[in-house]
Amino acid sequence: MTFISRRDLLKRAAVVGVAPVAGTFQSRDDRGAESPALHEPGVARPFQGRDRAREPLENLTAGEMDILDAVVARLIPTDANGPGATEARAAHYIDRALGGALASSRPAYTSGLAALDRYARSSRGAAFTQLSATDQNSVLIDVETGAATGFTGSSAAFFALLLNHTHQGTFGDPYYGGNANFVGWDLISYPGVRTMVTAADQQQLEKHALKPNHKSAYETDMFTKATARLEDESLPRLDARDSDAKAEV
Amino acid sequence: MSRWPVAFLCVGLLGARAAAQTPQTITVESPTLKADQPIPRDYTADGRNVSPPLTWAGVPAAAKQLAVVLQDPDAGNPPPFVHWVIYKIPPTAKGLPENVPFEPDTPMPPEIAGAIQGVSGFRRPIYRGPAPPPGKVHHYHFVVYALDAALDLKPGLNRVELLEAIKGHVVGQGELVATYERKP
Amino acid sequence: MATTLKETDVVIIGLGAVGGVAALPLTQAGIEVVGLEAGTWLTRRDFAPDELRNNYRGWPQGVQKANQEIPTSRATASSPTAPRGTIHPMQNAVGGTSLHYWAQSWRLNPWDFKVVSETTRRYGAGRIPKGSTVEDWPFGLEEIEPYYDKVEYEVGVSGQAGNIDGKIDPRGNKFEGPRKRAYPMPPLRGNEFLDKMAGAARSLGWHPFPGPAAVNSRSYQNRSACMYHGFCNRGGCHVDAKNSTAVTTIPRAQATGKLKVVTSAHVTTIEVGSDGLPSGVNYLTDGVEYFQPAKVVLLAGYTYENVRLLLLSTSKAFPDGLSNNHHQVGRHYFSHHQGAGVSALFPFNINAWYGLPAQGIAVDNWADDNFDHGTLDFIGGGNLWVYSDRRPIGAAGMNTFGRVPNWGSQWKAFIKENADRSNTSYIQKSTLPYEDNFLDLDPVVKDPLGYPVCRVTAEYKENERRIAAYTQDKMEQWYREAGAIAVQRGPVGGAMGVSTHAYGGTRMGDNPETNVVNRWGFSHEAPNLGVLGASVMGTSGAHNPTLTAQALAWRTAERLVKNFNGIARRRS
């Protein structure tokens, strides 16, 4: 019997979510805004769905996942600066977390994703997944600013939830199902979880010479994996120490 | 040679300065907006939320640069709520085309090459149309400013900062007012 | 029907930062102590370097008792109540919040003990802010110095002394009050960015120095030195280098054989005997009721719970709450003004992925009364603190300084370049008590057992808001001197809200009309009741409360050791 290390398991789990075609994120170029020649404002373009077998859903419906996939692809797009939330499998993170730590947000997703799609249809004339990237961005701006209609409460609150969870799914420990292949950590050049950082390591970092180690906190058995079912509000801030100074614009 | 021609010359110059302090009226129109009429849906958050086309006339010959602000005096704390700030528009422009790009990688149409969008009340440097709280008619003022100099305006100015920067340079001004209401 | 347990000498409610300290001198003197802790033991295996869990899922507070009792809050008595938070600032565990706090470990400045008399002497009595109920502490720094020293060595604090017996060492804080000897360990290491900030401060003519931390800078007491792994912010320590009471004073107290630690003990009320004195503590474990009789009760549940338990413990002798016949319980409350921070964007990487919030550079030139307030319109000041602390999800959510939206391709390009280029400073400000700011019981909201939760009624007053604006100016100046290309400031402060630094509510002072406990920390009205924690502190100074609260706790415990028979309740 072949021994499969935990790291390999993690890697394989991540690979399942990515298109089997080489040069994956190049095929998504036309969904981004970085190529003016391909970009014609106002022209509806069909959604470039996943070119791979659908991964098993844990809490979202297939329709909800399609919308969420399309949303996260706009929030942290795949573009000239590399892979984004799609490759990081941020939507999968959210799907999984909705059955656990983010369970109290499940109703918000049910109503919010439906409202987002309804708003896309009524304002832009097509389902969110069928809109061009430009129109999707325009819809999301209206959701973000609270200009969109048809949401329970302000659409801005749902947008903030989506964005926070997309960050978690892109930049959190891969143990939770996101940040696949450490795509998120690589984007921001985070050199990785280390249980020991010597002065020499710090100096290497300062010389831009500390290579990312691509490790999850749970690579080994060193730590217990207790998690909490907890209300996950947008970035709990008990005291201002933990927050950036937010300017009142 | 009498003093009179010199005096006339001085008065003439003074008169020209006085004219600069009362801006010449610009007429602002649109192929798709009518004054005091509801704005078509596609220029609002109920539709495609793209900027409407504007045309203007009566821009003084001395104008070197134009700016446009869209504001709603029926909203904002304090009012007006600002929907759009766009400046450094070339003086040769006869208006604004429909759907001025909101994505940064898309260049401005050639007739308004060089124009910059400032920061609106939605905290974005783009056009965002009416999205009023339901139950009340709001008025949307498309205000056009003609400036006597090609000012080196920085990106990211909001309405207040723009007005401060163009103070003393406004040689022409006009507006088109249209309405919008969301039903409860 | 509650099960009555065998009487103990002392029962301590809460084995956190201060209850955990008091247990040691008591047990070392042979006194029998029962420590009732609502939480459980956590160990280094429970402290994974996991940002999601520690910083975004509020683990482990989310599953704990305190989370059912989060206080409500409002700015003033005529304001609406703010929406309640979902995570309590304090942790229930053996060691309490000292398991995961930032572990900065400051002594107060001499001025902090004498705000009234010193302000009057230097600027005139008219400079005491209107509406403040501030009093001088019943003693000065000299009285508490030996206890600061005791705790620093017993628990392990690393730092650089600035004033040893009056001799100033410029490597340390030249403004600090005199201390007897150096710290037991040198300060935590620096790094390139901190060196740069220190250099910038010196260019401005200021006096930067590394801050003190209850974190091992080298191996101490057979525990490891800090690993600087970057998950110290709301995380416990995986190598026991963060010197919580769980890895220091509590195990040592247990080793005497005199400390009984009871975990999952949910204290509900303090019982008062027919002699009108506290006779013990009622608590629940797994729904079963117990009564723990004791000769002395020490309350160490953090400010909100200290006040709440007193107000809930009514009796014939104390109809308005234990020790509340003078109606001072809940009064002179304040949340430390530690917000109104300043953030900066630099055109180079800060390399802050590793480090810890206690690893930093402080400037105390603008703290407390370290500078001349003659022409200013406030008293007090703030400690400016820059530190090395960053994790990925937090970095992704960084302030974009108005340069790009918060998502999309522009954002992505921005974050790729700037994720490690911002720094946010922490500015702790002198805060005073006011007539208008107080704690009481919420008239409506209850915990799952049906007891009212605590209610905070408090806002930052003009004096503290002016300190905030002034120190923001200084901080911006500092950042720009170091090369920052953009700076943003938080709002200067409105409602105080529920805080990790909560003071007052059981203030300490000689006057029983205006203070709940006497100069030793024992209730004026109920002499065998002692209170531990920042709830006894009457001013905050520009530094965090933990070391001071721990030093006071040691002092209270030592007083009890020396006067046990005089303080303890005698059975009739």
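In chain B, B:Thr55 stands opposite B:Gly95 of strand E6(B), where strands are DSSP runs of E of at least two residues and helices are runs of H or I of at least four, both numbered from the N terminus. The model is predicted, so that local features need pLDDT of at least 70 and side-chain atom pairs count only at pLDDT 80 or more, whereas totals for chains, interfaces and linings use all residues. Residues are numbered from 1 along each chain as its sequence is written, and chains are lettered from A and ligands numbered from 1 in the order in which they are written.

Strand E3 (residues 54-57) of chain B pairs with E6(B) in the antiparallel sense over 2 bridges, pairing being assigned if DSSP finds at least two bridges between two strands. An open sheet of 3 strands, with antiparallel pairing, runs in the order E2-E3-E6 in chain B. Strand E2 (27-29) and strand E6 (95-96) of chain B each have a single partner strand and stand at the edges, so one side of each lacks a neighbour in the sheet.

Between chains A and C, 59 residues of chain A are in contact with 61 residues of chain C, a contact requiring C-beta atoms, placed from the backbone, to lie within 7 Å. Helix H3 (62-75), helix H8 (155-171), helix H9 (183-187) and helix H10 (199-206) of chain A each give two or more residues to the side that touches chain C, with the largest share, 5 residues, coming from H8(A).

Chain C itself comprises 12 helices and 22 strands, and its C-alpha atoms fill a box of roughly 70 × 55 × 50 Å along the principal axes.

Conventions
Contact = placed C-beta atoms within 7 Å.
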